[in-house]
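Welcome! Please keep the 3D view open as you read.

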Amino acid sequence: MVVRKPDGSNRVYVDFRKLNKVTVFDPEPMPQPEQNFTSLEKDQYFYTFDLSKGYWQVPMTEEDKPFTAFVTHKGLHQFKVMPFGLINAPASFNRIMRKLLYGSEHLDNYVGDVLGTLPLERSICPP
């Protein structure tokens, strides 16, 4: 099903409930907003960036593409990139972000957003 989003763009929805029932759950821990907020108390300047359609930046493996197949009036289609709706999509994306940001002192992620901070002692503006 294709649904129009509030911004006017379209989102493709595929019912993956049957696939999700037989998928082995990925126990990747998800970041907790409370942990991110606690680490911000010593920072003064913040910036964020949204990883727009972040799941769609993750390619599907060739052997997993058939599991994402769906039927339309124009035939059978498969996702080339990770679609929304898969039970392990959030965990897979979070694992990628955790590895990508590993070692970064002032960057945290939550779902598809990255938050950067600049500590007071490193600020570029006088207090």
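## The largest pocket

Let us start with the largest pocket, which has a lining of 16 residues; Met60, Asp64, Met82, Leu86 and Ser92 are the ones nearest its centre. Helix H1 (17-22) and helix H3 (89-101) are the elements that each give two or more residues to this lining. As you explore, please keep in mind that this is a predicted model.

The space inside the largest pocket comes to about 330 Å³. Its lining is made up of nine nonpolar residues, six polar ones and one charged residue.

## The second largest pocket

Next comes the second largest pocket, with a volume of about 240 Å³. Of the 15 residues that line the second largest pocket, Pro31, Asn94, Arg98, Asp108 and Asn109 lie nearest its centre. Two or more lining residues come from each of helix H2 (33-38), H3 and strand S6 (107-110).

Which element gives the most to the lining of the second largest pocket? That is H3, with four residues. Sorted by class, the lining of the second largest pocket holds seven nonpolar, six polar and two charged residues.

Is Met1 buried or exposed? Met1 counts as exposed because its relative accessible area is 69%, and exposed means over 50%.

How values were computed. Residues are numbered from 1 along each chain as its sequence is written. This is a predicted model: local features need pLDDT of at least 70, side-chain atom pairs count only at pLDDT 80 or more; totals for chains, interfaces and linings use all residues. Side-chain values use heavy atoms; hydrogens and water are left out. On a 1 Å grid over the protein atoms alone, a cavity is a set of points where a 1.4 Å probe fits but cannot get out, and a pocket is an open set with protein on both sides within 12 Å along at least five of seven lines; lining residues have an atom within 4 Å of a point. Grid points are joined across faces, edges and corners, and a volume is the space filled by probe spheres set on the points. Ala, Val, Leu, Ile, Met, Phe, Trp, Tyr, Cys and Pro count as nonpolar, Asp, Glu, Lys and Arg as charged, and the others, Gly among them, as polar. Buried means under 20% relative accessible area, exposed over 50%, partly exposed in between (1.4 Å probe, protein chains only).
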